[in-house]
Amino acid sequence: MKKILVCLDASPRAAHVLAAAVDLARRTGAKLTLFRSVGLPPELAHDDIIGVSPNQLIERLLENAREALRQLSAEVPPGLVDGVEVRVGTPWNAICAEASAIEADLVVIGSHGYGGIDRLLGTTAAKVVNHADRSVLVVR
């Protein structure tokens, strides 16, 4: 195993997902690419976007996600992180596309989100497992 795509969201469980991926990378000699998909959050208040162009809003969300991943990567032992990637898109689809693009050997993802929308539409993890063209490790 050479490349592991580690899918991290903004939830408290992201640290546990990262820890599992770090452990696996140490055991196999693989490199990690930390990944987050960015979309317009449903909880975004209308007042938050008044006066902000769509490009500025997306760029702000992307930069916030990059910074969060950089902070998480600082906790990883030196030499294990090969990159930090943030993409705009539906999470499950963006994850599958990124895994293919970087030719990841494995995708590591948390088991479920905590939002009500996950219960209605199915979790991102379930969709990744069903649509990925490579192995997926789901961390509980």
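**A strand between two partners, and a helix crossing**

Visitor: In β5, which residue is the bridge partner of Gly110?

Guide: Happy to start there, keeping in mind that this is a predicted model. β4 pairs with strand β5 (residues 135-139) in the parallel sense, over 5 bridges. Within that pairing, the β5 bridge partner of Gly110 is Val139.

Visitor: And which residue in β4 is the bridge partner of Leu5?

Guide: For that one, turn to strand β1 (residues 3-7), which runs parallel to β4 and is joined to it by 3 bridges. The β4 bridge partner of Leu5 is Val107.

Visitor: How many of the 5 residues of strand β4 are buried?

Guide: Let's take the two sides in turn. Leu106, Val108 and Gly110 point one way from β4 and are buried. Val107 and Ile109 point the other way and are buried too. Strand β4 (residues 106-110) is therefore largely enclosed by the rest of the structure, the buried count being 5 of the 5.

Visitor: Are α4 and α6 parallel or oblique to each other?

Guide: Good one to work through. The axes of helix α4 (residues 91-101) and helix α6 (residues 124-131) come within 8 Å and cross at roughly 40 degrees. Angles under 35 degrees would count as roughly parallel. The two helices, α4 and α6, are therefore oblique.

Visitor: How many nonpolar residues does the contact of α4 with α6 have?

Guide: From α4 come Pro91, Trp92, Ile95 and Cys96, which meet Thr124, Lys127, Val128 and His131 in α6. By class, this contact has 1 charged and 2 polar residues, and the nonpolar ones number 5.

Conventions
Residues numbered from 1 in each chain as written. Predicted model: local features only at pLDDT ≥ 70, side-chain atom pairs only at ≥ 80, totals over all residues. Heavy atoms only, no water. Axes fitted to C-alpha atoms, helices over the stretch in contact; angles between N-to-C directions. Helix = DSSP H or I, 4+ residues; strand = E, 2+ residues; numbered from the N terminus. Parallel < 35°, antiparallel > 145°, perpendicular 65-115°, else oblique. Contact = heavy atoms within 4.5 Å. Nonpolar A, V, L, I, M, F, W, Y, C, P; charged D, E, K, R; others polar. Buried < 20%, exposed > 50% of the residue type's maximum accessible area, 1.4 Å probe, protein only. Pairing = 2+ DSSP bridges.
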